[in-house]
Amino acid sequence: MQQKILNLLPEELRNMASDLYDVILERSLMRAYQNLSEENKAKMAQVFDSGTEEEKIDFFKNYLGDLQKIMIEETKKTAEEIKK
Amino acid sequence: MPDIEKIHEEIDKNNAEIDKYNAEMEKKERERIKEEYERLSKQEKPTEELIKEKKEKSEEEKPKKKEEYKEQEGEKEEKKPDNENTEINKKENEITENFYDELKKIKSMPDKTGGLKMEKTEKYFQLIESWQDLAYLDNYKGIKNIFSELDKLKPSIWFYDFKRAQITKNVAKSMALNYKEWKIEDKEKLKIIKNFVKGQSKDKTLKEIAQILASNDIPFKDNIDVIVKEIENPDIKSKTIGSMADIEKQSIEKKKQSLQALKEDMKLDKLPPNEIIIELFKKLGVDSKAVSEILPKLVNTLENPEVQKEFEELSKTKEFQKFRDTIEKITKGEDKKEIPDAVKEAKKYIKNEKESPWKTAFGVAGWSILLFLVLFMMAELKGVDYLTGEAGGKKRK
């Protein structure tokens, strides 16, 4: 669904933006994951492997609350990397 | 003769051979398309005949049904309306009336402030989306009425132009999807489609319409060819004709799957609230006012085939290659890292928030980040300046 905004771009740019978004999302989630305790890391693995929709949303809210802030920071960092 | 001259001579010779080969291939391709066009033009009966056949068949079946109905329902038969006003017609009229009632309600909604305008616009969009599959019942007059109302409303919403363009395309596609159910003459249907598609990203939409009609087994002659003739860009036109043969070869199941996938793709995002996007853009250090000015221009201009061509040229420049290499370096660097399964799954979840991208709040962030990346890339490649006619002029914000 989110990808529809990318339809604005020509194909090559669209693929590049999509790849960059993947990088930002992965880096952000990695940072948030590393901040978790070992116990919560195991819980995250269980929830996203076999948990219900509700459990997943709850996990985001309760344990990855600062993810949005991290995503913004990682976006800025990635943009700087490209500008260098 | 020095070596370098020999090499140049060799290159010139090779280039001449390549040019000759390309010219031959182009000639062959043109001939193939011409043949394909002629072949398609000669085949199959026009849809009017098919509908006539279908009507005759159903007329034959009608008495049987009536008798069965009489046997089963006894006295109820007397209450059944005559042929002029069947139950189906009644229901169809009822459905259309309901849509018009809804339209009337939305029209009466207040729209003095920006927030109220946004709410009203969203309601109009929702009505179009729920009406489009049955809008053939009134020949799309109601939907055209909504578009006129939207023109009068002039809402100032970030993604208004983007969403309106998508919705307009979807209505055009619905016309093709419901072509068989739409009970007016083919000529009339085609006239309505042609008039509706005017002024948008016309050629691309017409291509998609032709492909939907082909997947629905609508004959090329006197039907699809009328749409294809309207395509101005020769490249898009030849690709459309070429794709007709591919669709024709597909199995019924494959055609059904393609049409189903197309319907899925027609589901649109709810408009993201301006306030949240502005807030996130502030956090990203972006002047949201400048973005709100650029965005509508960008959406409109990028739909233009001429601009798309310019962008193809842009991708051949050294500046672009450098940009692509930098991004590749970043993404490939990430590939080497070991990612825990928990992170992979969580990422998949955020990316697939299909029903409501605003469910976890990361969906909104993701949306804003994607939009930021689109604008950032355009700015880096000077695309924004070019598209908005500000190249060499105002400072980029």
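The exposed residues B:Gly115 and B:Ser130 lie on the face of H5(B) that is turned away from its buried side. The model is predicted: local features need pLDDT of at least 70, side-chain atom pairs count only at pLDDT 80 or more, and totals for chains, interfaces and linings use all residues. Residues are numbered from 1 along each chain as its sequence is written, while chains are lettered from A and ligands numbered from 1 in the order in which they are written.

The buried residues of H5(B) are B:Lys120, B:Thr121, B:Tyr124, B:Phe125, B:Ile128 and B:Trp131. They sit on the same side of H5(B), because they cover an arc of only 140° around the axis. The arc is that of the directions from the helix axis to the C-beta atoms. Helix H4 (87–107), helix H6 (141–153) and H7 of chain B are among what covers these buried residues. The length of helix H5 (residues 114–131) of chain B agrees with expectation: at 1.5 Å a residue its 18 residues should span 26 Å, and its end C-alpha atoms are 26 Å apart. The expected span of a helix is 1.5 Å times one less than its number of residues.

Helix H12 (residues 252–265) of chain B also agrees: its 14 residues should span 20 Å at 1.5 Å a residue, and its end C-alpha atoms are 20 Å apart.

Chain B contains 19 helices and zero strands. Helices (H or I, at least four residues) and strands (E, at least two) are DSSP runs, numbered from the N terminus. Of the 397 residues in chain B, 25% are buried. Among contacts in chain B between residues at least 6 apart in sequence, 71% join residues at least 24 apart. Two residues are in contact if their C-beta atoms, placed from the backbone, lie within 7 Å.

Chain A has four helices and zero strands. Its elements run α-α-α-α from the N terminus on. Buried residues account for 36% of the 84 residues in chain A. Among its contacts between residues at least 6 apart in sequence, 52% join residues at least 24 apart. Mean pLDDT for chain A is 87, and 93% of its residues reach 70 or more. pLDDT is the predictor's confidence in each residue, from 0 to 100. Among the elements of chain A, mean pLDDT is highest in H2(A) (94) and lowest in H3(A) (89).

The contact between the chains draws 40 residues from chain A and 48 residues from chain B. On the side of chain A that touches chain B, helix H1 (11–34), helix H2 (38–50), helix H3 (53–63) and helix H4 (67–83) of chain A each supply at least two residues. H1(A) gives the most, with 14 residues. This side of chain A holds 27 nonpolar, four polar and nine charged residues. Here Ala, Val, Leu, Ile, Met, Phe, Trp, Tyr, Cys and Pro count as nonpolar, Asp, Glu, Lys and Arg as charged, and the others, Gly among them, as polar.

The largest nonpolar core has 43 residues, of which A:Ala17, B:Leu373 and B:Val374 touch the most other members. H1, H2, H3 and H4 of chain A each supply at least two residues of this core, as do helix H13 (274–283), helix H17 (341–351) and helix H18 (362–380) of chain B. H18(B) provides the largest share, 13 residues. A second, separate core of 37 residues includes B:Tyr140, B:Leu177, B:Leu190 and B:Ile209. A nonpolar core is a set of buried Ala, Val, Leu, Ile, Met, Phe, Trp, Tyr and Cys residues joined through C-beta atoms within 7 Å. Neighbours within four places in sequence aside, A:Ala17 is in contact with A:Leu6, A:Leu9, B:Leu370, B:Leu373, B:Val374 and B:Met377.

B:Tyr179 lies in the loop between helix H7 (160–177) and helix H8 (186–197) of chain B. B:Tyr179 counts as buried because it has 20 C-beta neighbours inside 10 Å. Not counting residues up to four places away in sequence, B:Tyr179 touches B:Lys189, B:Leu213, B:Asn216 and B:Ile218. B:Tyr179 and B:Lys189 are 10 residues apart in sequence, and their C-alpha atoms are 7.7 Å apart in space.

Two backbone angles deserve mention. Most residues other than glycine have a negative phi. B:Asn139, not a glycine, has a positive phi of about 55°. B:Asn139 is in the loop between H5 and H6 of chain B, and is partly exposed, with 16 other C-beta atoms within 10 Å. B:Asp222, also a residue other than glycine, has a positive phi near 65°. B:Asp222 belongs to helix H10 (residues 220–229) of chain B. With 18 other C-beta atoms within 10 Å, B:Asp222 is partly exposed.

Terms used. Buried ≥ 20, exposed ≤ 12 C-beta atoms within 10 Å, placed from the backbone.
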